Structures are given as C-alpha cells and as structure tokens.
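Please consider the following structure with its sequence at hand.

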Amino acid sequence: MSDSSPMPRAVPRVTVVMPAFNESAEIMTASLDSIAAQTLQDFECLVIDESTKPEAAATCRALCERDARFRYIHPDTRIGLAASLNLGIAQARAPLIARFDSDDVCLPHRLERQVAYLDQHPDVDVLGGGLEIFSADRGVIAVREYPVDAETIERRFQTTTPIAHPTVMMRRAVLERAGAYDPSFRFAEDLDLWLRLLNLGARFANLPEVLVRYRQQSTRRNPQHWQFNLRARTKNFSTRQLPRRVLGLLAIATWRIVPASIQERVFHHLLLRKG
C-alpha cells in the first residue's frame, strides 16, 4: 500500500474519508476542490484510491499532493468499499469522521455546520443532511430531505434508510465500539452499520439543509443491493420496533423479486416527486 503524503502533526477537528475508483480528472477535481474550499479548514482528507487505470490513479495522487491536508492511500490490491472505509477510519486522527464519495460535491459550509451541531448535541452519534441530486446531462434533478429527529429516524430505519451515507459525519468513538463497516457487505454496508449502531443505542440526526450535491446518472440498482439490504436487516434483527422491523423485512423480501425495469420506474417517479 502506498501513502504519498506526509502526515500533519496537529490533530484536526474532522477526518474526511473518501474512497475513489477510476474517477475522471474532471469529476475528481470538482470533488476534492469542494473539500479544500470548506469554510471549516481544520480537517484532513484521506483518499483511499483503488483505481485500476494508471492515468486515473496518477491524477488522483497529483490532486491530493496539491494540499498537505490531503493524503493519498493506494491499497496494493482491491479491497472493496467497506474495507476502504475501514482503512480510512483506522488511519483517521480526528474524533469526527466525515463520509464522502469521490464523484459528489460538498457545499462549502458542510463540515462547519456538522461540527457545530455535534459540538452542541453531544448525545448525537451520527449526523447527516440533505442531498441535491444532479447529473451531468440533466443538471439538478431533485432535492432529497430526511427526517431530523432521532425518534423519527429510528422508526424509518425499520422500513427504509432515512440518512444519506455520503452526507454522514460520525463520532469515531462510536464506530470503534461498533466495529465499523462489515467488509463482507458488497452493498448496503451503510445500512448494516446503522442498524448495528441502533441496536447499541446510538442516536442519529439530520440537518434540515442540503450538504452535498449527489451525482446520479441512473436510478437502476444492482439486484444484489436488495439481497444485502435483506441480509443487513436479518443480521441485525431485534425486538426494538418489532412490528416495523417485520414489515421492513417483508417489504424488502418482496421488492427484491420485482423486475429491475419496474423498480427503476418507481424510483424515477419518487425522485421527481421530491424535486
């Protein structure tokens, strides 16, 4: 594994963990520039790049080397998304971990808003926010909002995922207690972690504002996503919110056998309705 950047000495407020894979220079530049331009400047950004294209890896490394707060990490072999996230968390120095995707764009105030909220709400362990969904050819498609209070979020978790993974900031201490992400999950690694944290008594919240511009070219999901979603729910099943949990299991078990073309049409309709 290669790590091209020297580690700064001062402990930052936030560590941004960003997995990357064969991203274009244009998209990667926009993503990393949005981190560099944050109003809260006291951060480090760990980019775990699994690119298999030499030109993509070289571009990602060069972009990270522009700023001492960015560290480029290239695993020797493909380890997958969940393991990449765990690698970043293991090397993070800050008490707060911000999750981010390499093809998205952070709004300038994202880190500042989330750090301020977590400072003011020490009982909250995981904090998300809203998404502005866009594509290169269509521009802004929709704005997606999420429930803000812990009780509503816990209820919604039994049937859906009421927090956007690319917007999340979480306390490293709670991740260490829970064991971070399960590398055996190819999809729904976030849902598995969230349900595990809920069972341990963690509290969730969302800011009532857009924090991230989320790049989405297609509403069709890999069929294995629903298999892993169901696996996450059965693995973390408990008597908390029992009727809703059973409903969620039944809903996902049914949904996973719906043809992909119908799933895509339903998601497209719901996405536009929220715009």
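In this predicted model, Gly 130 stands opposite Val 210, a residue of strand E10. The two strands concerned, E7 (residues 126-135) and E10, are paired in the parallel sense, and eight bridges connect them. E10, which covers residues 204-215, also pairs with strand E6 (residues 105-106); here the strands run antiparallel and are joined by two bridges.

Of its 275 residues, 53% are buried. Its accessible surface amounts to about 12,500 Å², and carbon and sulfur atoms account for 55% of that area. Contacts also reach across the sequence: among those between residues at least 6 apart, 80% join residues at least 24 apart.

The largest of them has 38 residues, and Val 14 and Ile 35 are the residues with the most contacts inside it. Apart from this core lies another, of 34 residues, which includes Leu 85, Val 126, Ala 188 and Ala 232. Which residues does Val 14 touch, not counting residues up to four places away in sequence? They are Asp 42, Phe 43, Glu 44, Ala 94, Leu 96, Ala 98, Leu 111, Val 115 and Met 169.

Ile 163 is placed in the loop between helix H5 (150-157) and strand E9 (169-171). Is Ile 163 buried or exposed? Its relative accessible area is 2%, so Ile 163 counts as buried, the limit being under 20%. Leaving aside residues up to four places away in sequence, the contacts of Ile 163 include Val 126, Leu 127 and Gly 128, together with Phe 204, Ala 205 and Asn 206. Tyr 146, Phe 157, Val 168 and Trp 194 also touch Ile 163. Glu 145 is 18 residues away from Ile 163 in sequence, and the C-alpha atoms of the two are 9.0 Å apart in space.

Helix H5, at one end of that loop, has buried residues of its own: Ala 150, Thr 152, Ile 153, Glu 154 and Phe 157. The elements that cover them include helix H7 (189-199), E10 and helix H8 (224-235).

Empty space inside the model can be examined as well. Rolling a probe the size of a water molecule over the atoms shows where such space is left. The structure holds one cavity of 30 Å³ or more. About 50 Å³ of space lies in the largest cavity, and its lining consists of Gln 158, Leu 195, Arg 233, Phe 237, Arg 245 and Leu 249.

Asn 22 lies in the loop between strand E2 (14-20) and helix H1 (25-36). Its phi is near 50°, a positive value in a residue other than glycine. Ala 180, found in the loop between helix H6 (172-178) and H7, likewise has a positive phi, near 55°, and is a residue other than glycine. With a relative accessible area of 11%, which is under 20%, Ala 180 is therefore buried.

Note on methods. Residues are numbered from 1 along each chain as its sequence is written. This is a predicted model: local features need pLDDT of at least 70, side-chain atom pairs count only at pLDDT 80 or more; totals for chains, interfaces and linings use all residues. Side-chain values use heavy atoms; hydrogens and water are left out. Buried means under 20% relative accessible area, exposed over 50%, partly exposed in between (1.4 Å probe, protein chains only). Contact means heavy atoms within 4.5 Å. Accessible areas come from the Shrake-Rupley method with a 1.4 Å probe; for residues, only the protein chains shown count as cover. A nonpolar core is a set of buried Ala, Val, Leu, Ile, Met, Phe, Trp, Tyr and Cys residues joined through side-chain atoms within 4.5 Å. Two strands pair if DSSP finds at least two bridges between them. Helices (H or I, at least four residues) and strands (E, at least two) are DSSP runs, numbered from the N terminus. On a 1 Å grid over the protein atoms alone, a cavity is a set of points where a 1.4 Å probe fits but cannot get out, and a pocket is an open set with protein on both sides within 12 Å along at least five of seven lines; lining residues have an atom within 4 Å of a point. Grid points are joined across faces, edges and corners, and a volume is the space filled by probe spheres set on the points.
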